[in-house]
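Here's a quick briefing to read with the structure open beside you. Take it topic by topic and find each residue as you go.

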Amino acid sequence: MPLWLQAFGWGAIAGGALVLGAAIAWRWTVPPRIVSFVMAFGAGVLISALAFELVGEAQKAGGLVPTAGGFLVGAVTYVGANAILARKGAQHRKRSGGQQPSESDAAGSGNAIALGALLDGIPESVVLGLGLVAGGTVNPAVLVAIFISNVPEGLSSTAGMKNAGRSSRYVFALWGGIALASGLAALIGYSLLADASGVTVAFITAIAAGAILAMVADTMIPEAFERQHMFTGLIAALGFLAAFVVHTVSA
């Protein structure tokens, strides 16, 4: 199978985890403590993947300066875009309780939530395409980390959308579109950088890593802490350890 098609396929599969989480939340009422538990675990998984698979590998490939610069660019860009969307009604897009506004509460919040979901998902997908550039195959630890973290994201956010009175058409069109966009982002990440230098790949990888870490801190950890409180750190540590085991076994 051509690498460009593999990039699209793996990105779509990772994004499809959001649809899976949404389907679970729409069909069943998942207890908030379970949602927050899985969210905390997913946050730890992503942090581990950032440390060992993204930032560490970027530094090896391109050096400290482009890695550090890209990481800061990614974090600042995400936080700035997230702040704009938060003012439009997307601040609590991953919250499963009653925090999300309905369209009547905040006109245009549906579009803001959709853009916020896209903002959250694109950096994760880009790194899958970049993994194919660097190694010729998708990084299994990164793929597992993104898939595991996407399920609770889709679950929690959909539970909040359901509480806010949004329709099933809106919810599944949103997550289906994000899954497709995830595939396209992975494809673009591979296609545009297939012949790029190690420094360029490191810089772009670090941008994605910085954005992902900012996303974890701004949107996933608050939902996890809502119910788990003092256990959030322990659960996240278990997620980190699980991802580290996958990294070690697949290395």
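**A polar pair**

A polar contact of 2.7 Å links the side chain of Asp120 to that of Tyr78. Keep in mind that you're looking at a predicted model.

**More on Asp120**

- You'll find Asp120 in helix α4.
- Is Asp120 buried or exposed? Its relative accessible area is 4%, and buried means under 20%, so Asp120 counts as buried.

**The nonpolar cores**

- The largest nonpolar core is made up of 29 residues.
- Inside this core, Leu46 and Leu128 are the residues with the most contacts.
- Five stretches to look for are α2 (32-62), α4 (109-135), α5 (140-163), α7 (198-228) and α8 (232-250), the elements that each supply two or more residues to this core.
- Which element gives the most to this core? That's α7, with nine residues.

**A nonpolar patch on the surface**

- Now head for the outside, where Trp10, Ile13, Leu20 and Phe147 make up a nonpolar patch.
- Together, these four residues have about 330 Å² of accessible area.
- Helix α1 (residues 3-27) gives the most to the patch, with three residues.
- Trp10 sits in helix α1. Its relative accessibility is 31%, so Trp10 counts as partly exposed.

**The salt bridge**

- In it, the side chains of Glu57 and Lys60 meet, with a distance of 3.7 Å from N to O.
- Why are Glu57 and Lys60 separated by about one helical turn? Because they are three residues apart in helix α2.
- How covered up are the two partners? Glu57 is partly exposed, because its relative accessible area is 36%.
- Lys60 has 65% relative accessibility, so Lys60 counts as exposed.

Terms used. Residues are numbered from 1 along each chain as its sequence is written. This is a predicted model: local features need pLDDT of at least 70, side-chain atom pairs count only at pLDDT 80 or more; totals for chains, interfaces and linings use all residues. Side-chain values use heavy atoms; hydrogens and water are left out. A nonpolar core is a set of buried Ala, Val, Leu, Ile, Met, Phe, Trp, Tyr and Cys residues joined through side-chain atoms within 4.5 Å. Buried means under 20% relative accessible area, exposed over 50%, partly exposed in between (1.4 Å probe, protein chains only). Helices (H or I, at least four residues) and strands (E, at least two) are DSSP runs, numbered from the N terminus. Patches are made of residues with over 30% relative accessible area and no salt bridge: like charges are joined within 9 Å, nonpolar side chains (Val, Leu, Ile, Met, Phe, Trp, Tyr) within 5 Å. Accessible areas come from the Shrake-Rupley method with a 1.4 Å probe; for residues, only the protein chains shown count as cover. A polar contact is a pair of N or O atoms within 3.5 Å; within protein, one must be able to donate a hydrogen and the other to accept it, and residues adjacent in sequence count only if both atoms are side-chain atoms.
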